[in-house]
Amino acid sequence: MSSFVLTGARILGAAKTDIVITDGVVAEVAPGASAPGATRIDADGLVALPGLVDLHTHLREPGREDAETVESGSRAAALGGYTAVCAMANTDPVADTAGVVEQVYRLGRDAGLAHVQPIGAVTVGLAGERLAELGAMADSAAAVRIFSDDGHCVSDPRLMRRALEYVKAFDGVIAQHAEEPRLTAGAQMHEGEWSARLGLTGWPAVAEEAIIARDVLLAEHVGARLHICHVSTAGSVEILRWAKARGIRVTAEVTPHHLLLTDALAESYDPVFKVNPPLRTDADVAALRAALADGVVDVVATDHAPHTVEDKECEWPYARPGMLGLQTALPVVLHTMLDPALLDGGGEPGPARLDWDGVAERMSRRPARIAGLAGHGRDPAPGVPANLTLVDPAARVTVDGGEIASRSRNTPYAGRTLPGRVVATFLAGAPTVLDGKAQR
Ligand SMILES: NC(=O)N[C@@H](CC(=O)O)C(=O)O
Ligand SMILES: [Zn+2]
Ligand SMILES: [Zn+2]
């Protein structure tokens, strides 16, 4: 295998050094370090982060390859600085058997652009009636540890309890899409002032909060691990704060879009802003930023949800919910959360702040731990698998639909200028991205 030396990189924003990669691992980190025959990569002033890990990606294969494939989605991931993505189970057929999760796993391995870790469905066909073959998926070549009916809530408390009990045996985790379906029938957007003004049926915060409250209590009762997908309200943050203080084994994610965008954007009636859970209020955004900074919300996960033009560019009530996320997640997090002093004043002012180490923790190390991905989420150091990304903190990029590697085009950030550019990504010592371009 080939060797690389990344010159002048700043690991987690620290002083410049040189990073030598040989045979898939970081061989040496020191100024002036080199290796015979190594390819030199000019990383002068770039910030080196452990490769990003996404706990929540929709890759659409099998079934909706017109919207995304494992390959196109993993290319978008690599360009976004990700080295591992967890692929949601709401495909067609649903990833509810060992056969389907192994298929997705192999497609990811063959594409070679990111580690693709399949998530298994909790219930057969996401129908919420019978548990899927959780044990067979765990024992399969895909070694599934995260189970989720995402897109749907496991709303039956008895089934949720049994799922939590089942996965405890192999230290699995249930990732809940928290939405009490009887409170969101026909819902189109956040229930509040804007939904009233626009005449769209509301999705009340309590529909999310009621399920989170129920499930943290179930997780406590069972002693199992629970993960909450795409937390979107200030009230959810308070419940999580309480549950964590009580020692309940719960983790939670927030999406980049819930850190930046609000329900006011629905005023345009542009369905690119339709998503589940819906964009909320300024107060929710502020609470989510603070919770991500103080750790009550553990990680950022993209909920990358590609949809075709036919499914998205129609009247608001008929459009599918969901937005792209992989290629813009890091810039949105840098914009909303990184101390502006680390970005030459490019971020938004506000009290909730992270440094580069905090970004690495929430976008790489903690998601890798939650997913049980041992080779990911580790800072570049001798002996560590070379899964890492190089970011230019001085760059400002205007989001342009033409640069989207995804098969779909539904980005809510088109035309926005955001800080940070992923210059290179290495997966197991091989470049998947160089000079901002995918290598395969
Ligand atoms: N987030 C969305 O609005 N849509 C997701 C499903 C989901 O994450 O609930 C999808 O699969 O399109
Ligand atoms: Zn969901
Ligand atoms: Zn999702």
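Which residues are around ligand 1? The shell consists of H58, N90, D150, G151, H177, V275, N276, D303, A305, R320, P321 and G322, where a residue counts as near if its C-beta atom, placed from the backbone, lies within 6 Å of the molecule. By class, three of these residues are nonpolar, six polar and three charged. Here Ala, Val, Leu, Ile, Met, Phe, Trp, Tyr, Cys and Pro count as nonpolar, Asp, Glu, Lys and Arg as charged, and the others, Gly among them, as polar.

The model is predicted: local features need pLDDT of at least 70, side-chain atom pairs count only at pLDDT 80 or more, and totals for chains, interfaces and linings use all residues. Residues are numbered from 1 along each chain as its sequence is written, while chains are lettered from A and ligands numbered from 1 in the order in which they are written.

Five strands form an open sheet in the order 9-10-13-14-15, with parallel pairing. Strands are DSSP runs (E, at least two residues), numbered from the N terminus, and two of them pair if DSSP finds at least two bridges between them. Strand 9 (146-147) and strand 15 (299-300) stand at the edges; each has a single partner strand, so one side of each lacks a neighbour in the sheet. Strand 13 (residues 225-228) runs parallel to strand 14 (residues 250-254), joined by three bridges.

H227 is found in strand 13. Its bridge partner in strand 14 is T251. H227 is buried, with 25 other C-beta atoms within 10 Å (the cut-off for buried is 20 or more, for exposed 12 or fewer, with partly exposed in between; C-beta atoms are placed from the backbone).

Technical notes
Helices (H or I, at least four residues) and strands (E, at least two) are DSSP runs, numbered from the N terminus.
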